[in-house]
Amino acid sequence: MTHRVLVVEESSTLRYILCRGLERHGLEPVACEHTQAALSCLDDSHCLDGLAGILLGWPGVPGDRDHELLTRLNTPDYSHLAVVLLAPEMQPQLMAWAQGRRLSAVVPWDTHGEAVGTLAVLLRPADEARESPARNIRILLVDDSPSVRFFYQRLLHRDGYEVKTCADPASAFELACREHFDLAVVDYFMPGENGDRLCSRLKSDPRSRHMELAVLTGIYNDEVIRNCLNAGAVECLFKNEAENLFLARIGALWRSIRAHKAVALSHQRQAAILESAGDGIYGVDREGRITFINPAACRILGIRDPDEVLGQSAHVLFHGINRDGRPVPPERCPLSQAYASGEVMGGWETVFRHRSGRLIPVAGSIHPLSENFSEAGSVVAFQDVSERNAMEAQLHWQAEHDELTGLYNRRYLERALEAEQARCQATGHRSALLLLDLDRFKYINDTAGHPVGDSLLVEVSHRLRAHLGEGPVLARLGGDEFAVILPQTDPQALEKLSGGLRRLLHESTFRVGERNYRLNLSIGAAWLGNARETAADVLASADIACHAAKRAGRNQFHVYDPNRDERAFMGRDLAWADRLREALQQSQFQLHYQPILPVMPQTTSREHYEVLLRLEIAPEVLTLPGDFIPVAERFGLMPEIDAWALDRALAVLRDLHGQGREVVFNLNLSGRTLSDIPTLERIRDQVLGSGVDLTCLVFEITETCAILNLAAARAFIDRLRAHGVRFALDDFGTGFCSMSHLKQLPVDVVKFDGQFVRELHLDATDRAMVAAMNDIVHAMGLKSVAEYVEGPEVLACLQAMGVDYAQGFYLGEPAQTPVPPARGVEMQPGAAPGRVIAAPKRPLH
């Protein structure tokens, strides 16, 4: 749409020039000779219709009509009109009037050529100005002409720039040193000091030398342009060039400034990353000379001043050694070879030499470094893994040893038993396994308390170890049970050793506190080497023999006799197996639900429970999984039991979701189930056909070492995870089997074994272990759950460590219906329905 502009000017010549200028800008001029005609036009609705602006020549001696016109234009009815006053001088009253009105400007007579351009700027649609993107740079505009400053400030504002103006070089220099500007546009000819001199001063001062500079001039002169460029300006702008060309030149400067800012920001980020990174990072050229090194690397290597190692050989300084500290030549050093070849090398571990001479185990990676599209060396990132190695050694020790006594544990014994059984089968030698059980030890625990019982177990373990010497393998299986692998022995030596062990305890006095205790020992033994038996068979036989020794009157020794002992104990297990089959057929199992709560408050309506299995052996008398699962495993019943539990849990979950409750269930799957492909297919069909929200289902993988078909288990997990089902790794931290499965199985949640959690508030080692495991879990992007939370002190420790979820009697006991705790993690233990016999070793299951 063409804008109509009222031109009010007494001089016909100037009026003609102004009208032609308006036409060149695509505007339609309407000429008036005097102010009275302009007032009449404003009174005429036909004339006013379509009128967009007024170009008013202000007389040297204004009359009443002139002031009346300004007053009229200041009213709301005419506030939409753009007004430019051509004044013989910049009078304060006119400047104040223009500044107080939204679309107004004052232009001096001697620069009347700028009046039309200024009006054109004012007539730009408001929405066009709003559409101009914010340029995010600040411009300092320096010009002694008020009209020039006004014109270019409006023009640049319209194009999205933030502009401040100054009228002279002195105030401009002071402002540039006080505030941040990205670009200075400086008029060349100014009184007192030309623009090139101001540019030199700006480039010389550290507070303003970052600015890009452009000089604005009204003439095209080689000397002027040369002086500007020599003074540091990067662009010459001309006052008589078209607005679009001017803005295009400013736009090019803006893009350059933006690119420089991006590069500077990238350098700052890289420097910040290097400065703040916890890993050691250094760079080398192709010859292995250090080009940069960050503070973490200096700290790890004992380097006080990074400048002192720049240009030196990394091989000579710290990594030209083997793990024994002996020198290694560069041609045999993998790191030096990687520098020279520019190859990527990840996952390596070696040792670096600290400035003090000690060796530091490190792990890291090497990547080639490119500059200007050519290889410029390598960047090396490394970590001091001393603590990790110590933690792995601790985990390894803990995976194989009993925490209380320091003896080997059941896991180690089972592996050692398998190795000894294989050796005996291969060589024909005879070895024996002894199971040792303290007689009536439970009575001591119940009467004197568990601390006394623990002290006695520690003392017994010390005396057994001293008596056996280094040859036999001695392990604590749990509670008051011990085991001994006696290699290459015979019946006479076996009889002699067992008699010596029984006498050792029977004839000794154990003093704890103010009391003395005497202990007796029942021993069962079984021979290794039978080609048809596995290590598990030998362990079961020794267990049967130990029970036979107890039945014979305690403090006895019994060697397993397959013809006599097996029938008795097989009859007992068969009875249990029949009872479990009957329980499956008659639904005598029960599901109980224990809450799993977020350690820190969360804004979620989801309720989370672990589904636990109980067997009702009499009305309101329940037995826990620890009593029947071993038999179910031996007779292959666990897949059926797991499938039954899943079917019932899905039905309950479906009902709860139908009631509008957002409930999540955790269900356990045994290792035997995860190894049985038909059962996995059945469970998969149960889950996918259940109709429940599958994101509300979590399968806990237990007995991870018993997963015999990892490929099938992983395929099963991958298939269900694709539909939203999540998986949790249970009992994490009890050994390397869990660590291995954490890497091999795609789980979402990790549950820490309760032995590390129960006394977290009392044991610094447990706190260190849980904190380390929690860091590992979070580093892998997984969620953590702590079991055995039995008091507020434990919960406080978990909160401090950042563990995600907690479970235990303090937060809620298992119940027959999923009932949310009343006060979240502050809830006190409640009573569970039904009387539980055989005190649970693991409260959560």
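**Entry 1: the whole chain**

I started with the surface: the protein chain exposes about 40,300 Å², and carbon and sulfur atoms supply 51% of that area. A reminder to myself before going on: this is a predicted model. I then looked up burial and found that buried residues make up 49% of the 845 residues in the protein chain. For secondary structure I noted 31 helices and 33 strands.

**Entry 2: a parallel sheet**

Next I picked a sheet to trace. I found five strands in an open sheet, ordered β7-β6-β8-β9-β10, with parallel pairing. Its edge strands are β7 (162–166) and β10 (235–238), each of which pairs on one side only. From one strand to the next, the twist averages 25 degrees.

I zoomed in on one pair inside it. Strand β8 (residues 183–187) and strand β9 (residues 212–217) pair in the parallel sense over five bridges, and Val-185 stands opposite Ala-214 in β9.

Then I looked for helices on this sheet. Helix α9 (residues 169–178) packs on it and touches β6 (138–142) and β7. The direction of α9 makes about 165 degrees with that of β6. Helix α11 (residues 222–230) packs on the sheet too, touching β9 and β10, and its direction makes about 140 degrees with that of β10.

I stayed in strand β8 and clicked on Ala-184. Is Ala-184 buried or exposed? It counts as buried, because its relative accessibility is 0% and the cut-off for buried is under 20%. Leaving out residues up to four places away in sequence, Ala-184 touches Leu-140, Leu-202, Met-211, Glu-212, Leu-213 and Ala-214.

**Entry 3: two helices crossing**

Here I wanted a helix pair. The axes of helix α16 (residues 386–400) and helix α30 (residues 764–779) come within 12 Å and cross at roughly 110 degrees. I therefore wrote down α16 as roughly perpendicular to α30, since 65 to 115 degrees is the range for that word. The crossing is left-handed. Which residues make the contact? On α16 they are Met-391, Gln-394, Leu-395 and Gln-398, and on α30 they are Thr-765, Ala-768, Met-769 and Ala-772.

**Entry 4: a serine in a helix**

I looked up Ser-541, which lies in helix α21 (residues 535–551). Ser-541 is buried, with a relative accessible area of 6%. Setting aside neighbours within four places in sequence, I find Ser-541 in contact with Ala-526, Glu-533 and Tyr-560.

**Entry 5: an enclosed strand**

My last stop was strand β23 (residues 589–595). Seven of its seven residues are buried, so β23 is largely enclosed by the rest of the structure. I sorted the side chains by direction: Phe-589, Leu-591, Tyr-593 and Pro-595 point one way from β23, while Gln-590, His-592 and Gln-594 point the other way. For its pairing, I noted seven bridges joining β23 to strand β25 (residues 607–618), and the two run antiparallel. Gln-594 stands opposite Glu-610 in β25.

Notes: Residues are numbered from 1 along each chain as its sequence is written. This is a predicted model: local features need pLDDT of at least 70, side-chain atom pairs count only at pLDDT 80 or more; totals for chains, interfaces and linings use all residues. Side-chain values use heavy atoms; hydrogens and water are left out. Helices (H or I, at least four residues) and strands (E, at least two) are DSSP runs, numbered from the N terminus. Buried means under 20% relative accessible area, exposed over 50%, partly exposed in between (1.4 Å probe, protein chains only). Accessible areas come from the Shrake-Rupley method with a 1.4 Å probe; for residues, only the protein chains shown count as cover. Two strands pair if DSSP finds at least two bridges between them. Axes are lines fitted to C-alpha atoms, for helices over the stretch in contact, and angles run from 0 to 180 degrees between N-to-C directions. Contact means heavy atoms within 4.5 Å. Angles under 35 degrees count as roughly parallel, over 145 as roughly antiparallel, 65 to 115 as roughly perpendicular and the rest as oblique. A crossing is left-handed if the near helix is turned anticlockwise from the far one by less than a right angle, and right-handed if clockwise.
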